[in-house]
Structure formats: structure tokens, C-alpha cells
Amino acid sequence: MKVLVTGGAGYIGSHTCVRLIENGHEIAVLDNLSNSNEKALQRVKSITGADFKFYKADLLDKEALNSVFSNERYDAVIHFAGLKAVGESVEIPLKYYANNVSGTINLCEAMKNNNVKKLVFSSSATVYGNPKSLPITEDFPVGATNPYGQTKLMIEYILKDLYLSDNSWDIALLRYFNPIGAHPSGLIGEDPRGIPNNLLPYISQVAVGRLPYLNVYGNDYDTPDGSGVRDYIHVIDLADGHIKAIDKLNANPGLVTYNLGTGNGFSVFEMIRAYEKASKRKIEYKIMPRRQGDIAACYANTDKAKNELGFQTLYGIDDMCESSWKWQEMNPNGYK
Ligand code: NAD
Ligand code: WQD
């Protein structure tokens with residue numbers, strides 16, 4: 001299939017581009033590089049030996065979007081492009097709503113105008129808010145707690161309405177848990193701008209000496225060791241979930257929703273120990289108060305993705321930390 005990947009220069013997008021090509025798909029990438037570097041795409045080309053088109057374009061620019069669609073014919077779109085920093089979304093909500101929600105509406109209009117009706121959307125476990133119990137199944141109540149999460153939820157509703165209005169669309173809403181790790185080559189990985197918000201990039205920058213210590217946000221949660229528990233999934237496993245979703249869309253399923261996680265929860269302290277083992281470096285840390293808006297624990301029930309997509313994760317925590325460390329050690333300043 002020929003797949004347009006929006007946000008393909010980003011962290012999850014670049015890994016998915018590799019796996020799409022390795023699975024025999026043709027790709028084109030659309031990205032405005034607002035949170036990424038074109039070098040990631042050069043490296044996707046060197047890992048795969050494949051060439052593909054890159055459109056440096058913004059989803060808010062309707063004209064640019066139309067020319068991307070009129071230039072080539074796509075069978076499907078995987079839509080990663082979006083802003084994703086929770087804290088920033090609280091400070092500049094309008095930018096998040098405009099970029100994520102309006103950007104997605106523009107994309108869907110361009111798809112509709114060009115009769116491309118297969119779409120995979122990057123949703124997030126954040127749509128479950130503070131879950132009533134664990135593990136989380138797809139039919140849990142939803143409710144976001146910050147503007148970023150609201151954009152994901154709004155887009156889910158918009159795509160559901162779009163499907164209701166025209167059931168010739170096939171749409172997969174993929175709710176990711178916590179993606180970490182990197183390609184085993186060490187050539188592509190997560191390259192956050194500024195101080196990382198998320199645990200793993202923060203730990204890896206402590207390991208490589210860019211940051212002095214990790215702030216552990218709370219050791220008094222109702223979890224086995226008091227620190228927050230999350231469902232970390234290797235970015236390559238996550239990328240493969242998109243390949244499975246593309247296969248599913250070819251069977252004309254309508255609108256489908258899947259959790260993409262491993263089903264296993266790991267605490268902050270367990271992640272520190274796993275990273276120390278992988279990097280052979282000591283991770284200094286300080287216990288800090290809880291971070292506002294954090295929940296104690298979150299992990300997926302993976303049965304639906306397993307049964308309906310045949311999705312099964314292959315990599316464990318050690319693989320995730322080892323590949324993250326390889327990327328960090330080979331690229332101490334990211335793509336710069
Ligand atoms: P990322 O920031 O690395 O990638 C997003 C890409 O989208 C970037 O390359 C950015 O330049 C591009 N982009 C943003 N706005 C754009 C616009 N208006 N037009 C064109 N390009 C634009 O983020 P990621 O971690 O790879 O996440 C990919 C998707 O998955 C996002 O939608 C994110 O919300 C979602 N997601 C991420 C996580 C996570 O923890 N990383 C978890 C759940 C969901
Ligand atoms: C994990 C655990 C923290 C940083 C966020 C978004 C979510 C999704 C994934 C996109 C928590 C603790 C963290 C640090 C710490 N993104 N922590 N020190 O909060 O589960 O999810 O990213 O959709 O929407 O909210 O991930 O990596 O930030 O935190 O102690 O410096 O690590 O308290 O328990 P989170 P995270």
C-alpha cells in the first residue's frame with residue numbers, strides 16, 4: 001500500500017516509517033519539523049535503503065495539504081502529527097486545539113476531497129483520565145484532564161462522527177500507552193527539545209551526563225514501591241501495531257479502537273534500576289512531591305488488540321532500556 005505518514009519525522013513516526021518500508025509498503029512523509037529534524041528521515045532511508053518523498057508542510061496550511069494529495073495517490077494515512085507536551089498544553093491551549101484539532105480536520109477534508117478514506121490515528125491512554133480500575137479495556141469511560149488530552153478525545157469524537165456520516169471510511173483509533181526505546185541500530189530515537197517531560201528521556205539524559213539527577217515525582221502512591229506505575233511499550237512494537245492496523249483497515253472494519261500497550265506495569269524505581277543495568281551508569285535521583293495531574297498507575301488490557309489485530313509485543317523492559325541507551329550514547333545531543 002502507499003501510505004502518507006503525517007508527523008513521520010517525529011519519534012514514533014520515524015520508527016513506523018522503517019517498519020512500513022520493511023513490510024513492503026511505500027511511504028511519503030508530511031511534517032512541518034516543528035518538533036523534529038529532517039535528519040531522522042535521512043536515517044530512515046539509510047536503515048531501510050529505500051527512498052521516499054518528504055513534504056515539509058503544515059497541516060494548518062490547506063493549500064500545501066491539497067498539493068500533497070494532488071501530487072500522489074495514497075491508499076491510507078497514518079496521522080502522527082500533533083503537539084504532545086501536557087504541561088505546555090495547559091499554558092498555550094489555543095495552540096494545541098488549533099494545531100491538533102484543526103490540523104486533523106484539514107487532513108480529513110483533504111483526504112475526503114481526494115477519496116482517501118483509510119486513516120490510522122495516534123490517540124493516547126491519556127483519554128482514560130484516572131481509570132476506575134486496572135487493567136484498562138477500550139470500553140472504559142473516557143475523560144481527559146488537560147488540553148492535550150482533550151484534543152485527543154475531541155479528535156476521537158470527530159472521527160467517530162465522520163464515520164457515522166459516511167461509513168465508507170475505515171478508521172483505527174490507536175490508544176498508545178507509554179512508548180519508549182529506540183531502533184536497535186541506534187540511528188533513530190527520541191530527541192526531545194529542551195528539558196524532557198517524560199521519564200525515559202529524562203533518565204537517559206541523566207545517564208549520559210546532560211542532566212545531574214532525576215526528580216522522582218512522588219514515592220507515596222498506592223503502588224508496590226510508592227512510585228508511579230506505567231505500561232511502557234517498545235517503540236518498535238508500537239510501530240508494528242500500526243502495520244497490523246493498516247492490515248485491519250484493508251478488511252474494511254469501519255471505525256475501530258485499540259489499546260497498544262504490553263499489559264505490564266513498571267514503577268519509576270524499577271525503570272531506574274533497568275536503565276542502570278542497561279547503561280552501566282548510576283542514575284542519581286531525588287524524591288520530589290507528586291506532579292500535578294499524575295495518576296498512581298496505568299496499564300492496558302491488551303486482549304482486544306491481540307484477538308482482533310493479532311498484535312503481540314516482542315520486547316521487554318531490558319530491550320527498551322538497552323536500545324534507548326544505545327541511541328543516547330551514539331547521539332548524546334540527539335540529531336544536532
Ligand atoms: P513527536 O513530536 O516526536 O512527533 C510529532 C510530529 O508531528 C513532529 O515531527 C512534528 O514536527 C509534527 N507536527 C506537529 N504539528 C504538525 C503540523 N501542524 N503539521 C505538520 N507536522 C506537525 O511526537 P511522537 O512522540 O512521535 O508522537 C506522535 C503522535 O503520537 C502524537 O500525535 C502524540 O500525541 C501521540 N502520542 C504520543 C505518545 C508519547 O508518549 N510519545 C503517547 C501517546 C500518543
Ligand atoms: C511516567 C512516570 C511520573 C518524569 C505522559 C502523558 C501521556 C502520554 C505519555 C502522550 C509517572 C514519573 C516522570 C520525571 C518522574 N503522552 N516521572 N520524573 O505521565 O504516564 O504520560 O506521556 O499521549 O499523555 O501524560 O508519562 O513519562 O511523563 O511519566 O518521576 O521527570 O514517571 O510521575 O509516574 P505519563 P511520563
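Author: A polar contact is a pair of N or O atoms within 3.5 Å; within protein, one must be able to donate a hydrogen and the other to accept it, and residues adjacent in sequence count only if both atoms are side-chain atoms. The model here is predicted, with local features needing pLDDT of at least 70 and side-chain atom pairs 80 or more, while totals for chains, interfaces and linings use all residues. Residues are numbered from 1 along each chain, chains are lettered from A and ligands numbered from 1 in written order, and side-chain values use heavy atoms, without hydrogens or water.

Reader: What does the side chain of serine 14 reach?

Author: The backbone oxygen of glycine 10, at 2.7 Å, which is within the 3.5 Å limit for a polar contact. Serine 14 belongs to helix H1, residues 11-22 (a helix being a DSSP run of H or I, at least four residues, numbered from the N terminus).

Reader: What makes serine 14 buried rather than exposed?

Author: Its relative accessible area is 1%, and buried means under 20%, exposed over 50%, partly exposed in between, with a 1.4 Å probe and protein chains only. Serine 14 is therefore buried.

Reader: Why is the pair of phenylalanine 69 and tyrosine 74 called edge-to-face?

Author: The ring centres are 5.5 Å apart and the planes stand at 85°. Rings of Phe, Tyr and Trp (its six-membered ring) pair if their centres lie within 6.5 Å; planes under 30 degrees apart are stacked, over 60 edge-to-face, the rest tilted. The pair is therefore edge-to-face. The search of the whole structure finds 5 aromatic pairs. Phenylalanine 69 is buried at 4%, and tyrosine 74 is buried at 0%.

Reader: How do you know that the charged end of lysine 132 sits over the ring of phenylalanine 140?

Author: It is 3.9 Å from the ring centre; the rule asks for NZ of Lys or CZ of Arg within 6 Å of the centre and within 35 degrees of the ring normal. Lysine 45 likewise lies over the face of phenylalanine 52, at 4.9 Å from the ring centre.

Reader: How many cavities of 30 Å³ or more are there?

Author: The search finds 2; a cavity is a set of points on a 1 Å grid over the protein atoms alone where a 1.4 Å probe fits but cannot get out, and lining residues have an atom within 4 Å of a point. The largest has a volume of about 100 Å³, and its lining includes Tyr11, Glu190 and Trp327. Helix H7 (199-207) and helix H11 (317-330) each give two or more residues to that lining. The second largest cavity holds about 40 Å³, with Asp191 and Arg210 among its lining residues.

Technical notes:
On a 1 Å grid over the protein atoms alone, a cavity is a set of points where a 1.4 Å probe fits but cannot get out, and a pocket is an open set with protein on both sides within 12 Å along at least five of seven lines; lining residues have an atom within 4 Å of a point. Grid points are joined across faces, edges and corners, and a volume is the space filled by probe spheres set on the points.
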